[in-house]
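The sequence and structure are shown first.

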Amino acid sequence: MNTSKRHNYKNLKIWQLGLEIANDISDVLVELPKHERYYLSSQMSRCSVSMPSNIAEGSANTNKSFSNYLNIALGSSFELGTQLLVAFHRKYINQETLTILEEKIEEFQRMTMSFQNTLT
């Protein structure tokens with residue numbers, strides 16, 4: 001495979017889904033208690049934004065380097081999943097919200113890993 005190929009991140013389904021998740025998280029964050037603003041809310045926001053951001057940044061690189069950015073995006077998605085569980089256990093979000101977001105994150109992870117396999 002040509003390792004010098006660049007990808008238009010806006011056309012990548014993983015970027016589109018990552019952006020959707022980031023927007024969903026933003027909607028959830030307005031419901032979290034104010035005392036979580038600088039802790040859990042901030043971490044969840046950074047993780048969710050990191051997912052599509054790393055895909056966009058990595059798309060300007062060679063496939064090998066892009067794969068590293070995808071690893072970072074994946075790591076952020078796993079971190080976000082954990083933070084959602086913390087929010088659920090603290091009763092900041094309900095089961096339905098947790099399930100919907102977990103399913104989107106799992107889909108993002110599957111799609112990203114699958115795409116990553118095409119780069120090597």
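Axes are lines fitted to C-alpha atoms, for helices over the stretch in contact, and angles run from 0 to 180 degrees between N-to-C directions. Helices are DSSP runs (H or I, at least four residues), numbered from the N terminus. The model is predicted, with local features requiring pLDDT of at least 70 and side-chain atom pairs counting only at pLDDT 80 or more, while totals for chains, interfaces and linings use all residues. Residues are numbered from 1 along each chain as its sequence is written, and side-chain values use heavy atoms, with hydrogens and water left out.

**Pairing of α1 and α4**

Helix α1 (residues 13-29) and helix α4 (residues 95-119) have axes that come within 10 Å and cross at roughly 155°. That angle makes α1 roughly antiparallel to α4 (angles over 145 degrees count as roughly antiparallel). The crossing of α1 past α4 is left-handed, a term used if the near helix is turned anticlockwise from the far one by less than a right angle.

Contact here means heavy atoms within 4.5 Å. On the α1 side the contact includes Ile14, Leu17, Glu20, Ile21, Asp24 and Val28; on the α4 side, Leu101, Lys104, Ile105, Phe108, Met111 and Phe115 are among the residues involved. By class, the contact of α1 with α4 has 10 nonpolar, 3 polar and 5 charged residues. In this scheme Ala, Val, Leu, Ile, Met, Phe, Trp, Tyr, Cys and Pro count as nonpolar, Asp, Glu, Lys and Arg as charged, and the others, Gly among them, as polar.

**Salt bridges**

A salt bridge is a side-chain nitrogen of Lys or Arg within 4 Å of a carboxyl oxygen of Asp or Glu. By this rule the count comes to 3 salt bridges.

| Pair | N to O distance |
|---|---|
| Lys104 and Glu20 | 2.6 Å |
| Asp24 and Lys104 | 2.5 Å |
| Glu36 and Arg90 | 2.7 Å |

Glu20, Asp24 and Lys104 are linked in a network of salt bridges. Lys104 lies in helix α4 and Glu20 in helix α1, so their pair ties together parts that are 84 residues apart in sequence. Accessibility is given as relative accessible area (1.4 Å probe, protein chains only), where buried means under 20%, exposed over 50%, and partly exposed in between. Lys104 is buried at 18%, whereas Glu20 is partly exposed at 36%. In the pair of Asp24 and Lys104, both residues are buried.

Gly58 lies in helix α2 and is buried, with a relative accessible area of 0%. Leaving out residues up to four places away in sequence, Gly58 touches Phe66 and Tyr69. Between Gly58 and Glu36 the separation is 22 residues in sequence and 31 Å in space, C-alpha to C-alpha.

Ser67 is placed in helix α3 and counts as buried at 11% relative accessibility. Apart from neighbours within four places in sequence, Ser67 is in contact with Gln116 and Leu119.

Definitions and conventions
Helix = DSSP H or I, 4+ residues; strand = E, 2+ residues; numbered from the N terminus. Parallel < 35°, antiparallel > 145°, perpendicular 65-115°, else oblique.
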